[in-house]
Amino acid sequence: MSIGQADERALLEGMVDLQRGEISGILEDLDDEEARRKLVPSLTTPLGLVKHATFVEKVWFHSRVANVPRKEIGLPDTVDESFVLAPEDTVESVRAAYLAACEHSREVAAAHELDEEFPWHGKQVTLRFVYVHMVQELARHAGHGDILIEQIRAARQSS
């Protein structure tokens with residue numbers, strides 16, 4: 001069955017997984033120096049984008065949906081901190097952490113119904129909302145990654 005013919009849950013899961021693949025793909029063909037390259041004034045780098053996406057997976061699925069305190073997961077307090085790279089962060093280690101986070105997110109989500117509700121800023125949101133939010137969040141950051149990679153490839157050609 002193609003994603004276009006899937007039931008609602010399979011469609012939502014498929015769309016999130018499609019964007020997860022785009023995020024993971026940001027680091028394809030980049031070495032560690034290129035992945036850390038700062039091309040915009042913010043903390044956004046290719047490696048930082050994937051590290052941030054790991055944070056997003058953990059905030060929404062590992063913490064909110066699984067009901068595990070953020071501190072217990074070791075999440076930073078702010079969104080900006082989720083882009084900060086440690087000296088030991090590499091393309092390989094950050095990608096592996098991201099793929100592991102995605103796999104755990106799938107396991108967490110599988111144990112819940114689409115209409116099940118979870119707290120979010122004093123309101124309740126459904127797992128359906130979480131999936132749609134993740135598609136939006138990951139697609140936006142995959143687009144950021146596309147632009148950064150385009151700049152990196154252009155710099156390769158001019159050097």
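## Contacts and overall fold

In the protein chain, 72% of the contacts with a separation of 6 or more are between residues 24 or more positions apart. The model is a predicted one, and its protein chain contains six helices and two strands, which follow one another along the sequence in the pattern α-α-α-α-α-β-β-α. The radius of gyration of the protein chain is 16 Å, close to the 15 Å that the globule rule gives for 159 residues, so the chain is as compact as a globular protein of that length. Along its principal axes, the C-alpha trace spans about 55 × 40 × 25 Å.

His112 is placed in the loop between helix H5 (91–110) and strand E1 (117–120). Because its relative accessible area is 15%, which is under the 20% cut-off, His112 counts as buried.

Leaving aside residues up to four places away in sequence, His112 touches Arg9, Val65, Phe118 and Leu127. The C-alpha atom of His112 is separated by 9.2 Å from that of Ala66, a residue 46 positions away along the chain. The side chain of His112 is also joined to the side chain of Glu116 by a polar contact of 2.9 Å.

Key
Residues are numbered from 1 along each chain as its sequence is written. This is a predicted model: local features need pLDDT of at least 70, side-chain atom pairs count only at pLDDT 80 or more; totals for chains, interfaces and linings use all residues. Side-chain values use heavy atoms; hydrogens and water are left out. Helices (H or I, at least four residues) and strands (E, at least two) are DSSP runs, numbered from the N terminus. Buried means under 20% relative accessible area, exposed over 50%, partly exposed in between (1.4 Å probe, protein chains only). Contact means heavy atoms within 4.5 Å. A polar contact is a pair of N or O atoms within 3.5 Å; within protein, one must be able to donate a hydrogen and the other to accept it, and residues adjacent in sequence count only if both atoms are side-chain atoms. The radius of gyration is taken over C-alpha atoms; the globule rule is 2.2 Å times the number of residues to the power 0.38.
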